[in-house]
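Here is a short report for a reader new to this structure. Please look at the model first, then read on.

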Amino acid sequence: MNSKSLNRIPLYRQARQQILERLCDGEWQVAESLPSEWELAEQLSVSQGTVRKALTELVADGVLYRQQGKGTFVAPGADDWAGMSMISPGLLSESPDRLQREFLGIARGNAPDDVSAALGLRRAAPVFRIRLLWRLRGQAVALDEVLLSAERFPALDSRWLRQLPGVWAVLQQHFGVRLRVATEQWRAVVLERDEAQLLAAVSGTPVLSHLRLAVDVNGAAVEWRQRLCLTDRLALTLQHSPA
């Protein structure tokens, strides 16, 4: 980015980007407090008001959080379920049990046209296709197919996907990329044979398809994911954070 284009970006957005870069470089860890607004203003050579506006936007994005009288802290990154869970139908106050993740594999291929369009990639761009199986109390309940740009994440390693709790954790820890869900769609579909085998279900069983697009803190599309959920005995539920 040259100096002319940089000058066209509002000052608080420049400060926001500098803070983000320092976060991605690991300067501050999860739950660690950032320097005061005055200190950050001095470090970034801007006004306190500019820093406050930058921090307010990062809080709204879920990257940071504030505690009254204590300061601004680094928020934990969301996991692959992004606040969702699978619980008993109708029991809205039920505490969800932890889902166990099973990494099924990663393969390199070309993006289908709809995925290319969603992720802003050129037609048939190289992508990584990741499959994850989710279990609840030992029973398979959901199957994920995740597509990521192979050009943006060329060093993506299957070992990380085995070791860490999910794709979002890998992207945050190894690439400094924090995600949030931008768009979601739900519809009823039927299981294909290989999907049914993985979910220990009968081919042709109706399931809930949850299709979503996740973006980074700058709003750039990063992840396309389809989750197939067995909802004959469980309900896919979104737990909203308190206001």
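Setting aside neighbours within four places in sequence, R122 contacts S116 and E151. Contact means heavy atoms within 4.5 Å. R122 sits in the loop between α5 (113–119) and β5. R193 is 71 residues from R122 in sequence, and the two are 31 Å apart in space, C-alpha to C-alpha. Helices (H or I, at least four residues) and strands (E, at least two) are DSSP runs, numbered from the N terminus.

The model is predicted: local features need pLDDT of at least 70, side-chain atom pairs count only at pLDDT 80 or more, and totals for chains, interfaces and linings use all residues. Residues are numbered from 1 along each chain as its sequence is written, and side-chain values use heavy atoms, with hydrogens and water left out.

**The sheet**

Strands of a sheet pair through backbone hydrogen bonds, either parallel or antiparallel. Here six strands form an open sheet with antiparallel pairing, in the order β4-β5-β6-β9-β8-β7. Two strands pair if DSSP finds at least two bridges between them. β4 and β7 stand at the edges with a single partner strand each, so one side of each has no neighbour in the sheet. On average, neighbouring strands of this sheet are turned by 15° against each other, direction ignored.

β6 and strand β9 (residues 221–229) run antiparallel and are joined by seven bridges. L147 stands opposite W224 in β9. Helix α7 packs on the sheet and touches β5, β6, β7, β8 (206–215) and β9. The direction of α7 makes about 160° with that of β9.

**Helix pairs**

Two packed helices are described by the angle between their axes and the distance between the axes. Axes are lines fitted to C-alpha atoms, for helices over the stretch in contact, and angles run from 0 to 180 degrees between N-to-C directions.

Helix α3 (residues 37–44) packs with helix α4 (residues 48–60) at about 105°, their axes 8 Å apart. That makes α3 roughly perpendicular to α4. Angles under 35 degrees count as roughly parallel, over 145 as roughly antiparallel, 65 to 115 as roughly perpendicular and the rest as oblique. From α3, the contact takes E37, W38, L40, A41 and L44; from α4, it takes Q48, V51, R52 and L55. By class, these residues are six nonpolar, one polar and two charged. Ala, Val, Leu, Ile, Met, Phe, Trp, Tyr, Cys and Pro count as nonpolar, Asp, Glu, Lys and Arg as charged, and the others, Gly among them, as polar.

Helix α2 (residues 11–24) also packs with α3, at about 100° and with axes 11 Å apart. That makes α2 roughly perpendicular to α3. A15, Q18, I19 and R22 of α2 meet L40, Q43 and L44 of α3. Four residues of this contact are nonpolar, two polar and one charged.

**Pockets and a cavity**

On a 1 Å grid over the protein atoms alone, a cavity is a set of points where a 1.4 Å probe fits but cannot get out, and a pocket is an open set with protein on both sides within 12 Å along at least five of seven lines; lining residues have an atom within 4 Å of a point. Grid points are joined across faces, edges and corners, and a volume is the space filled by probe spheres set on the points.

| Space | Volume | Lining by class |
|---|---|---|
| Largest pocket | about 960 Å³ | 18 nonpolar, nine polar, nine charged |
| Second largest pocket | about 380 Å³ | nine nonpolar, four polar, four charged |
| Largest cavity | about 30 Å³ | four nonpolar, two polar, one charged |

The largest pocket is lined by 36 residues, and A78, D79, W81, A82 and G83 are the closest to its centre. β3 (84–87), β4 (100–110), α7 (167–175) and β7 (180–190) each give two or more residues to that lining.

Which residues lie closest to the centre of the second largest pocket? They are Q139, A140, L230, D232 and R233, out of 17 lining residues. β5 (126–136) and β6 (139–149) each give two or more residues to this lining. β6 gives the largest share, three residues.

The structure holds one cavity of 30 Å³ or more. G77, A78, W168, Q172, V177, R178 and L179 line the largest cavity.
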